[in-house]
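Colleague: I have a model open and a few things to ask. Can we go through the fold, the confidence and some side chains?

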Amino acid sequence: GWLSGTGAHTFSPQAPLTREQVAKIETNALGLSQEAADLDAYRPFFSDSGRIGGWAWGYVDEAYKVGMLRGFPNGTFGPAVTFTPGQARDAVAQLVHYRQGARPTATYVAPPHVQDVTRADAVYAIGIAFDPNAPSLSYVPFSDMTSRDTRVRWLWDAVQRHWIAGATTTGFGPDLPISRAQLLSVAVSALGDAAKAAALDSAPS
């Protein structure tokens with residue numbers, strides 16, 4: 001699985017993600033779980049590698065190798081450092097680009113801080129990475145947004161693709177913070193659609 005539960009019978013959908021958890025998500029999302037397994041016995045080279053869970057060694061090594069994660073300037077990895085929603089949003093956008101053939105460039109090494117990312121910002125960042133040219137709209141489909149908000153068409157596209165549902169029957173809830181579960185759901189859906197599109201593009205005509 002992309003992410004394990006937080007207990008025998010719990011997932012903690014509202015809990016923050018840690019950097020070692022993100023390493024697992026990224027390698028699995030990129031289809032590199034076997035490559036990560038091959039590195040399971042190799043302790044990462046970071047100066048705080050003793051704090052990295054043994055289960056995460058291969059994931060951290062592989063995520064670093066392909067350029068999806070970097071350490072901090074002081075040589076540490078910070079396995080338990082909270083990966084803020086903003087960093088997670090940017091990571092997912094990079095995963096989508098990677099699936100579409102671009103080389104990732106890890107830039108999210110900022111120290112931890114409180115940063116709520118809204119549903120609109122997260123879905124927009126992932127949506128525009130998936131398709132920079134989402135279909136134009138002749139109306140605003142959400143009661144809590146206006147035509148002046150340029151993110152609307154990407155949000156509507158995400159809803160139509162069933163990546164995420166509106167917060168209410170008529171509204172999107174653009175200013176609500178996105179939860180761990182919602183962000184993972186959008187990420188899995190976007191990456192799945194990107195992989196299908198890539199497969200179709202590479203199929204013989």
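Colleague: Among contacts between residues at least 6 apart in sequence, what share joins residues at least 24 apart?
Modeller: First, the ground rules: this is a predicted model, local features need pLDDT of at least 70, side-chain atom pairs count only at pLDDT 80 or more, and totals for chains, interfaces and linings use all residues. Residues are numbered from 1 along each chain as its sequence is written, and side-chain values use heavy atoms, with hydrogens and water left out. Contact means heavy atoms within 4.5 Å. Among contacts in the protein between residues at least 6 apart, the share joining residues at least 24 apart is 69%.

Colleague: Which element has the highest mean pLDDT?
Modeller: pLDDT is the predictor's confidence in each residue, from 0 to 100. The protein averages 78, and 76% of the residues score at least 70. Helix H4 (residues 85–99) has the lowest mean of the elements, 69, while the highest, 95, belongs to H6.

Colleague: How many contacts beyond four places in sequence does the model have for residues 107–115?
Modeller: pLDDT stays under 50 over this stretch. Residues 1–12 also have pLDDT below 50, with 27 contacts beyond near neighbours in sequence. For residues 107–115, the number is 22.

Colleague: Is glutamate 62 buried or exposed?
Modeller: Glutamate 62 and lysine 65 both lie in helix H3 (residues 57–65), three residues apart, about one turn of the helix. Their side chains meet in a salt bridge (3.1 Å, N to O). A salt bridge is a side-chain nitrogen of Lys or Arg within 4 Å of a carboxyl oxygen of Asp or Glu. Buried means under 20% relative accessible area, exposed over 50%, partly exposed in between (1.4 Å probe, protein chains only), so glutamate 62, at 2%, is buried.

Colleague: Which residues do salt bridges that share partners join into one network?
Modeller: The whole structure has four salt bridges. Arginine 161 and aspartate 157 form one of them, at 3.0 Å, N to O. The network joins Asp121, Asp149 and Arg151.

Colleague: Why does arginine 151 count as buried?
Modeller: Its side chain meets that of aspartate 149 in a salt bridge (2.7 Å, N to O). Arginine 151 counts as buried because its relative accessibility is 16%.

Colleague: Which residues is leucine 137 in contact with, leaving aside its neighbours within four places in sequence?
Modeller: Leucine 137 sits in the loop between helix H5 (119–130) and H6. At 30% relative accessibility, leucine 137 is partly exposed. Its C-alpha atom is separated by 9.9 Å from that of tryptophan 154, 17 residues apart along the chain. Its contacts are Val152, Arg153 and Trp156.

Colleague: What is the phi of histidine 162 near?
Modeller: Histidine 162 is in the loop between helix H6 (152–160) and helix H7 (180–202). Histidine 162 is exposed, because its relative accessibility is 67%. Most residues other than glycine have a negative phi. Histidine 162 has a positive value, near 65 degrees.

Note on methods: Helices (H or I, at least four residues) and strands (E, at least two) are DSSP runs, numbered from the N terminus.
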